[in-house]
Structure formats: structure tokens, C-alpha cells
Amino acid sequence: MNLTRWSLRLPGTQRRNAAAPAGGTTGVRTGSAGQEHPSPADQPRDESPPDPGPALGSAAGPDQPRGRDAERRPAAVAHGIAHGIDARAVHELLGQVPAPVALVHGPDHRVAYVNNAYSAVFGARTPGTPARQGLTELTELGLLPLMDQVRRSGTPRTLKSRRVAGRSRDSFYTFTCTPVRLTGLPATETPSGGVLIFASDVTDQVVSAERLRESESRQRAAAVTLQRSLLPQKQEQPDDLRVAATYRPGGTDAAIGGDWYDVIPLGAGRTALVIGDVMGRGMRAAAVMGQLRTAVRAYARLDLPPHEVIQLLDGLAAEIDPSQIATCLYAVHDPNEDHLVFASAGHLPVFVRRPDGTVHRADEPTGPPLGTGGWTHTSGSTPFPPGALAVLCTDGLVERRDADIDEGLAALEEALAGSPRATHTTPQIVCDRLLRSLGIGEGHDDDVAILVMARPERDTDVAGLFRGAALDLLGGIEATPRARAFADGVLASWRFPEELRELGVLATSELVANSLQHGKAPMRLRLRRTDRRLIVEVTDGDENLPRRRHPAPADEAGRGISIVAAIATDWGTRLLPDGGKSVWAEFTLPSQRATGA
């Protein structure tokens with residue numbers, strides 16, 4: 001900060017400096033402590049040419065080599081001669097500055113000058129007092145170590161946004177410390193390095209920034225609330241699986257991502273598990289995500305194969321927003337099968353940890369992301385026996401800006417391989433372990449969704465609650481009474497109450513009769529119980545799905561499905577992958593009815 005340059009711009013400064021020696025007037029120069037010294041006209045003249053020397057405000061440090069100036073300055077100071085800027089110009093300049101300004105000098109930072117603005121904020125100060133006693137506010141603000149550093153290094157330093165207590169309200173100031181070279185000191189003092197402290201009032205900026213942070217925080221909280229409201233509010237827990245999911249919003253801004261997951265019961269013990277990611281951030285990504293999740297639940301009710309669900313989503317995504325890219329993985333678990341059937345649209349693969357501890361990456365088949373069109377998706381399968389554990393996740397878990405995604409996938413495999421067996425852990429513990437192992441913290445810059453499902457191995461105490469029985473339906477109409485007798489005997493052996501046993505036998509009779517009349521061989525009856533429900537399922541080779549009709553009072557046929565729908569907790573139909581159809585009915589066990597399950 002060159003105060004000499006500033007003073008030259010003040011009107012009359014040069015004329016006053018030139019008039020004093022020419023007119024022989026008696027001028028007064030004020031030292032740093034506010035003392036007055038005789039003008040050079042009243043002192044014996046030194047015949048040597050005047051030395052301009054560094055003026056007040058020059059950037060020269062206290063240790064800078066002085067050359068000829070070092071030889072002449074002691075004599076000049078001894079006679080009270082302060083070459084450089086007139087002190088009245090300095091006071092005139094700093095006194096007009098509306099911001100608080102203080103000038104200190106010496107190793108203990110003695111007060112040389114404070115302007116009116118400084119006095120108005122911090123109070124009047126006595127010149128010559130060390131800063132530790134005279135400028136206590138700077139001590140409280142932690143400015144003294146910074147002033148020492150500025151004086152030693154000769155480099156300006158800034159301390160930003162410090163709170164200063166006021167009478168009516170607190171203010172915030174940014175303090176800038178600039179090294180200066182002081183001359184014109186009293187005869188008893190030698191020229192020394194000083195520091196100019198300039199305080200800039202930034203209260204309005206700090207208040208605005210704080211309000212902006214609060215607003216962004218509220219917007220982010222609202223955005224995260226919206227995101228979570230679009231995710232499942234209650235986690236479904238299928239009879240034959242244990243499921244846990246985790247969602248972590250990324251970053252600290254108000255934008256939200258499009259990561260989502262869902263667990264959808266399909267009936268007859270089957271479960272659909274879905275995970276997806278809409279690229280981009282913001283409300284638009286969340287809106288597209290919400291529409292896709294709703295569509296998946298609607299398509300799942302049709303009980304279609306995974307690749308057909310993905311195919312329908314592909315067309316819908318193109319209609320919602322052709323410019324929005326989304327990925328999705330749709331998997332179906334059937335407790336009667338030891339494998340997981342899935343279809344993927346550009347999503348990360350399924351990771352399956354087998355009971356022996358090895359990890360399998362089911363990355364085929366996969367197709368392009370949703371909305372691209374022109375692709376025929378196919379379904380694949382991966383073994384999923386009892387004791388296995390499967391992980392579905394979004395790319396935020398494994399993708400990093402400074403590393404290849406394959407490294408993240410390898411780290412995920414390693415973390416999953418180190419997890420305990422499905423019988424000795426819970427899916428939620430696995431979720432937490434994966435987050436820790438892959439370094440997902442509060443500052444992670446991308447959304448993360450994880451869906452973990454485990455197929456537990458039943459011990460002897462629980463195995464009795466999970467049983468199944470099947471009967472091939474051969475012959476003609478005599479298959480119906482044979483099926484009723486089979487169902488009655490099986491349900492009695494499972495010790496079901498008489499009322500539930502009668503309902504199960506009635507549903508079996510109606511479904512078998514419907515299959516004999518409208519279906520074709522091969523036909524099969526399957527009874528299955530879990531700890532929550534009884535499932536009656538009949539399959540045949542015909543692909544015409546039955547519909548519930550409203551027969552007229554005089555009609556003798558068409559009431560079978562209506563009877564099943566009236567007595568069962570739920571019922572449904574689906575096409576089988578190898579051809580044919582399945583018609584099923586579910587009954588909630590009495591203990592579950594009492595608890596409202």
C-alpha cells in the first residue's frame with residue numbers, strides 16, 4: 001500500500017511541500033506518536049544534499065539494505081528531519097477513509113495513528129501504546145501473530161470475516177495487514193517497520209452468505225425428503241428372503257439424484273427386486289425416477305418375465321423424457337427355484353456371494369440404458385441357493401472420478417467376500433459393511449443405493465414352518481376328488497385349523513376344476529406353506545389366463561375364480577417361462593391375521 005503515491009493525488013500537497021523551504025516558513029511535522037518537532041528551517045542545515053529516503057507507506061522492510069541512505073538517515077532523524085510525505089497529508093488521507101484504519105510501528109506494534117472511523121468502532125486510542133495494551137480488540141481477534149508475520153516477511157496478510165461485538169448488533173470485518181516503512185519519528189526513535197491495519201466492514205456479505213447457506217440447507221432438506229418419499233416407505237420382507245436397503249444422498253448441495261430401489265411381492269411366494277439410476281441431478285431426475293418406479297410396480301403386477309418388464313420400461317422412458325438416460329435391473333426370486341432370474345438395462349451386475357464364500361458377478365446378459373429403443377432385452381439367471389447373499393447397487397458405490405470403475409467393482413467383490421455367511425449376519429449389516437469398505441461418507445459426491453437380499457438356510461426348528469407338497473394331475477375329471485383328498489391330508493399333517501383347511505381344500509377343488517375344463521396337460525398341484533401363509537398353486541400347459549367374471553344368477557359355470565377370489569387373501573395368474581400358466585391363491589395364517597400381518 002503506497003501512501004506516498006496516494007498523497008501526491010491530494011490537492012495542494014506538492015505546493016505545501018515546495019512552499020515551506022522556499023518561503024522559509026516554520027512548519028511542523030508530527031511524528032508517529034503525535035508529537036510535534038521543529039521544522040527544518042529552525043535547525044542547523046546539513047550541507048549534504050537531501051536524501052529522499054523511503055516515505056511513509058513504502059514497501060521497504062526493516063532489514064532492507066540502505067546504502068547511502070543508512071549513512072545520512074541518523075543525522076537527519078537526530079535533527080527531526082523526516083523526508084518523504086508530509087504527515088498532514090497522511091492524516092488528511094487516512095482521516096477521510098470511511099473504514100477503520102490503524103497504523104502501528106516497532107516490534108511491539110506501538111500505536112502511531114488511528115482514524116476517526118476506527119475510534120468510532122473500537123474507541124479512542126493513545127498514541128505510543130503497545131498494541132497488546134492499546135489495541136486489545138486486535139488481540140482478542142487473534143491479529144497480533146499475523147501482524148508479527150507481516151512485519152517479518154514484508155508480505156500483506158488478510159484475516160477474513162471476524163465478528164466484532166457492537167452496542168446494538170454485532171458486525172463482521174475483514175482485516176488486511178500491510179507492511180509500511182515509517183519515517184518522521186521523534187528524534188529519540190529510529191525509523192522502523194510498521195503495519196497498516198485496514199478493517200473492511202463485510203457484515204452485509206456475511207449475513208447474506210449465512211442466509212444463503214440456510215436457504216440452501218432448507219432446500220437440500222426438502223429435496224432429500226422428496227427423494228426419500230419417492231422410495232419405499234416400508235421395506236417389504238418376503239417369507240423366504242431377508243432384505244435390507246440403504247440410500248445415501250451425495251454431496252452437500254440441494255440437488256438430488258435419481259437413485260431408487262424397490263421390493264415388490266408378486267404372489268405365490270415370488271418377489272421382484274428392482275434397482276435403478278436416473279442420470280443427472282435435480283428435481284427433473286427425481287421426477288423421472290418417481291415415474292419409473294411407479295411404472296415398475298404397475299408392470300410387476302402383470303407378473304411378466306424380467307426382460308418384458310425392462311422392454312416396457314424402455315418404451316416408457318423414451319416417452320417421459322428422451323434426453324434423460326436411466327439404467328435399471330429387474331430380478332425375480334422364486335422360492336421353488338434355486339436361481340435368480342434378472343434382466344438389465346445398462347445397470348451394474350448382480351453380485352452373489354455363494355455359501356462357500358466365493359463371489360459371482362452376474363453381468364450377462366445386459367442391454368443399453370432405458371429410453372434408447374431399438375434393442376430386444378433378454379433375461380438371464382444366476383444360481384441363488386439357500387445360504388447365498390445377493391447385492392444390487394448403483395454406480396455411486398463403486399465409481400470414482402480418479403479411478404476406473406473396474407477397481408470399484410473389484411473392491412466391492414472383496415468386501416462382499418469378507419462378509420459372514422447369510423446365516424450368521426443380516427442384510428443391514430452387509431449394507432453398512434459395504435459403505436464402510438468402499439469409503440462412502442458424509443462428503444461423498446454421488447448418491448448411493450444398495451439392496452441386499454439373503455436366502456437363509458432353515459434350521460430344524462424353523463424348517464417345519466416351510467414345507468411343500470406337489471401332485472401331478474393325471475386323468476380326467478377324477479383328478480378333482482383326488483386333488484381334494486391330497487390337499488386335505490397334507491393340510492391336516494401341517495396341523496392347520498379346520499377352518500383354514502376347509503378353505504384350502506375348496507380353493508384346490510376350484511382351481512383344479514378350472515384347469516381341467518380350460519387347460520391342458522401337463523397339470524400339477526402344488527401346496528406350500530411358510531411361517532406366514534398357505535399357497536395353493538395349479539399349473540397347466542395352456543397359455544390363456546383365466547379372468548374373474550360376473551356370472552348371471554342363472555349361469556351354472558364361471559363362478560370358480562370368483563369363489564377363489566372371495567375366500568383367499570390374494571390370488572393371481574402368470575405365464576410360465578417354458579409355456580403354460582400358473583393360477584394361485586394365498587391364505588394368511590391365523591396367527592398373522594391376529595397381528596395384522
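Modeller: In this predicted model, helix 12 (residues 405-417) and helix 13 (residues 427-437) pass each other in a right-handed crossing. Their axes come within 10 Å and cross at roughly 135 degrees.

Colleague: Which residues make the contact between helix 12 and helix 13?

Modeller: Helix 12 contributes Leu412, Ala415 and Leu416, while helix 13 contributes Val430, Arg433, Leu434 and Ser437. By class, five of these residues are nonpolar, one is polar and one is charged.

Colleague: What makes helix 9 and helix 10 roughly parallel?

Modeller: Helix 9 (residues 203-230) packs against helix 10 at an angle of about 15 degrees, with the axes 10 Å apart. Angles under 35 degrees count as roughly parallel, and the two helices are therefore described in that way. The crossing of helix 9 with helix 10 is left-handed. Leu226, Gln227 and Leu230 of helix 9 meet Met283, Ala286, Met289, Gly290 and Arg293 of helix 10. This contact divides into five nonpolar residues, two polar and one charged.

Colleague: Which residues touch the most other members of the largest nonpolar core?

Modeller: That core has 50 residues, and Trp260, Leu292, Leu313, Tyr330, Leu370 and Met453 touch the most other members. Helix 10 (residues 283-300) supplies the largest share, eight residues. A second, separate core has 28 residues, including Leu473, Leu491, Ala507 and Ala585. In soluble globular proteins, nonpolar side chains tend to be buried together.

Colleague: What does leucine 370 touch, leaving aside residues up to four places away in sequence?

Modeller: With that exclusion, leucine 370 touches Leu292, Ile310, Leu313, Asp314, Ala317, Gln324, Ala326, Cys328 and Ala345.

Colleague: How do you know that glutamate 137 counts as buried?

Modeller: Glutamate 137 has a relative accessibility of 8%. The cut-off for buried is under 20%, so glutamate 137 counts as buried.

Colleague: Where is glutamate 137 placed, and which residues does it touch beyond four places in sequence?

Modeller: Glutamate 137 lies in helix 7 (residues 136-140). Not counting residues up to four places away in sequence, glutamate 137 touches Tyr118, Phe122 and Arg125.

Notes: Residues numbered from 1 in each chain as written. Predicted model: local features only at pLDDT ≥ 70, side-chain atom pairs only at ≥ 80, totals over all residues. Heavy atoms only, no water. Helix = DSSP H or I, 4+ residues; strand = E, 2+ residues; numbered from the N terminus. Buried < 20%, exposed > 50% of the residue type's maximum accessible area, 1.4 Å probe, protein only. Contact = heavy atoms within 4.5 Å. Core = buried A, V, L, I, M, F, W, Y, C linked by side-chain atoms within 4.5 Å. Axes fitted to C-alpha atoms, helices over the stretch in contact; angles between N-to-C directions. Parallel < 35°, antiparallel > 145°, perpendicular 65-115°, else oblique. Left-handed = near helix turned anticlockwise from the far one by under 90°. Nonpolar A, V, L, I, M, F, W, Y, C, P; charged D, E, K, R; others polar.
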